[in-house]
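Please work through the exercises below with the sequence and the coordinates at hand. Each task is followed by a solution in steps.

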Amino acid sequence: MMRASVLLLLATFLPVLWACNGDQTAGNADAPGMTRETPPPTPAKVEHPEPSKRAGNFENLVADYESKDRVIWQKPGIVIALLGDLKGKTVADIGAGTGYFTFRMVPLADKVIGVDIDPRFISFMDSVKVRLPEQYRNRFESRLAKPDNPMLTPEEADAVIIVNTYGYIVNRVKYLRTLARGMTTGAELLIIDFKKNNLPVGPDDVFKVALSQVEQELGAAGFEVARVDNETLDYQYIVLANKK
Ligand SMILES: C[S@@+](CC[C@H](N)C(=O)[O-])C[C@H]1O[C@@H](n2cnc3c(N)ncnc32)[C@H](O)[C@@H]1O
C-alpha cells in the first residue's frame, strides 16, 4: 500500500528529475517555464497546501515539499548559486526530505549526500536515484542519520545546506559542533528557514527559529557568519557561514 503510494507520488511529483536532465546550471532552475513543464497536473487537493494541518502523513509531506508552485518562492537556482562553483565538491543536504535541493545539486557537484532521519525519505530518495541519468547516479548517496548526528565522516563535506529543517533540530549548538567535524576547513554552511509571522507556506511559528538566534547559535558552535539575507526570498531568511 505504502509502496504503491510512493510509486504514484514518484510519477506525479518528480520535477527534481528535470534538474538532472542534462547539464542545467543552477541559475535556470528558477525559470518560470520549468513549472509549466510539469507533465501531469498537480491534483487539486494539493494546490493549496496547508503544511501544518497535514504534517505526519508521508504522501502529503511529499506533495508539500514537491509542490509545483514552490519554485516561485523557493528560488532553488538562486539558493544553490550561493554555494559558488560546486565542481569537485561534496555537498551534504541535512534534512533532505524528498531531495528537492539534493537532486538539483547532483549535476553540479562531485557528490551530494541526502541526509535525513526519516527512513521513508531515504527510501524515497533512493527511488529517485534509480531514475537519474546514469552519469549522475553515482554522485548521489542517501544517508540515514540520527536526530543528534548527521553521520558525516570527518571532513567529508565541502558544503552543507540545511533548508526548512533547522527548527526541528534539538540541542542545535551541540549538533552544529558535531556537523562541523564532518566539514572541511572553510566549508560553507547554508541555512535557510522560514521567517516568523503567518505565511501562506511553511510550518507554524512554534517550529521557526529567529534569524538572530541562528546567527547566535552558529557563533556559539564556532562558525563564522559570512552573509545574512532577509530579502532575496519572500518567506525565508538565508544565512551563509563558514567552518573556521
Ligand atoms: C520540512 S522538511 C525539509 C525537506 C527539504 N530540506 C526541503 O526543503 O524540501 C524537514 C526534513 O528534515 C528531516 N529532519 C528533521 N530533523 C532532522 C535531523 N535532526 N537531522 C536530519 N534530518 C532531520 C525530516 O525528516 C524532514 O525530511
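This is a predicted model: local features need pLDDT of at least 70, side-chain atom pairs count only at pLDDT 80 or more; totals for chains, interfaces and linings use all residues.

**Exercise 1. Overall description**

Task: State how many helices and strands the protein chain contains, and what percentage of its residues count as buried.

Solution. 
- Step 1. The secondary structure comprises 12 helices and seven strands.
- Step 2. The protein chain has 244 residues, and 54% of them count as buried.
- Step 3. Contacts between residues at least 6 apart in sequence are considered next; 70% of them join residues at least 24 apart.

**Exercise 2. The nonpolar cores**

Task: Determine how many residues form the largest nonpolar core, and which of them have the most contacts inside it.

Solution. 
- Step 1. The largest nonpolar core has 34 residues, and L83, F101, M105 and L190 have the most contacts inside it.
- Step 2. At least two residues of this core come from each of α5 (58–65), α7 (76–81), α8 (102–105), α9 (119–129), β4 (157–163), β5 (183–194) and β7 (236–243).
- Step 3. With five residues, α9 gives the most to this core.
- Step 4. Apart from this core lies another, of 28 residues, including V160, L179, M183 and A187.
- Step 5. For F101, residues up to four places away in sequence are set aside; F101 then touches R70, Q74, P76, V79, I80, D93, I161 and V163.

**Exercise 3. The ligand site**

Task: Identify which residues are the closest to the ligand, and what percentage of the ligand's area the protein buries.

Solution. 
- Step 1. The ligand is surrounded by 17 residues, and the closest are R70, G95, D116, P147 and V163.
- Step 2. By residue class, the shell divides into 10 nonpolar, four polar and three charged residues.
- Step 3. In the side chain of R70, an N or O atom is 2.7 Å from an oxygen atom of the ligand.
- Step 4. The backbone also takes part: an N or O atom of the G95 backbone lies 2.7 Å from a ligand nitrogen atom, and a polar backbone atom of V163 is 2.9 Å from a nitrogen atom of the ligand.
- Step 5. The ligand taken alone exposes 600 Å², and the protein buries 91% of that.

**Exercise 4. Helix α5 and residue T98**

Task: Explain why α5 is described as largely enclosed, and find which side chain makes a polar contact with that of T98.

Solution. 
- Step 1. Six of the eight residues of α5 are buried, so the helix is largely enclosed by the rest of the structure.
- Step 2. The buried residues are F58, N60, L61, V62, A63 and D64.
- Step 3. The N-terminal end of α5 is capped by N57, with a side-chain oxygen 3.0 Å from the backbone nitrogen of E59.
- Step 4. T98 is placed in the loop between β1 (90–94) and α8.
- Step 5. The relative accessible area of T98 is 1%; because this is under 20%, T98 counts as buried.
- Step 6. The side chain of T98 makes a polar contact, at 2.5 Å, with the side chain of E66.
- Step 7. Neighbours within four places in sequence aside, T98 is in contact with V62, Y65, E66, F103, F121, F124 and M125.

**Exercise 5. Positive phi values**

Task: For K75 and N197, state where each residue lies and what its phi value is.

Solution. 
- Step 1. K75 is in the loop between α6 (70–74) and α7.
- Step 2. Phi of K75 is near 45 degrees, a positive value in a residue other than glycine.
- Step 3. K75 counts as partly exposed, at 21% relative accessibility.
- Step 4. N197 belongs to the loop between β5 and α12 (211–220).
- Step 5. Phi of N197 is near 85 degrees, and this too is a positive value in a non-glycine residue.
- Step 6. N197 is exposed, because its relative accessible area of 56% is over 50%.

Key
Residues are numbered from 1 along each chain as its sequence is written. Side-chain values use heavy atoms; hydrogens and water are left out. A nonpolar core is a set of buried Ala, Val, Leu, Ile, Met, Phe, Trp, Tyr and Cys residues joined through side-chain atoms within 4.5 Å. Buried means under 20% relative accessible area, exposed over 50%, partly exposed in between (1.4 Å probe, protein chains only). Helices (H or I, at least four residues) and strands (E, at least two) are DSSP runs, numbered from the N terminus. Contact means heavy atoms within 4.5 Å. A residue is near a molecule or strand if one of its heavy atoms lies within 4 Å of it. A polar contact is a pair of N or O atoms within 3.5 Å; within protein, one must be able to donate a hydrogen and the other to accept it, and residues adjacent in sequence count only if both atoms are side-chain atoms. Accessible areas come from the Shrake-Rupley method with a 1.4 Å probe; for residues, only the protein chains shown count as cover. Ala, Val, Leu, Ile, Met, Phe, Trp, Tyr, Cys and Pro count as nonpolar, Asp, Glu, Lys and Arg as charged, and the others, Gly among them, as polar.
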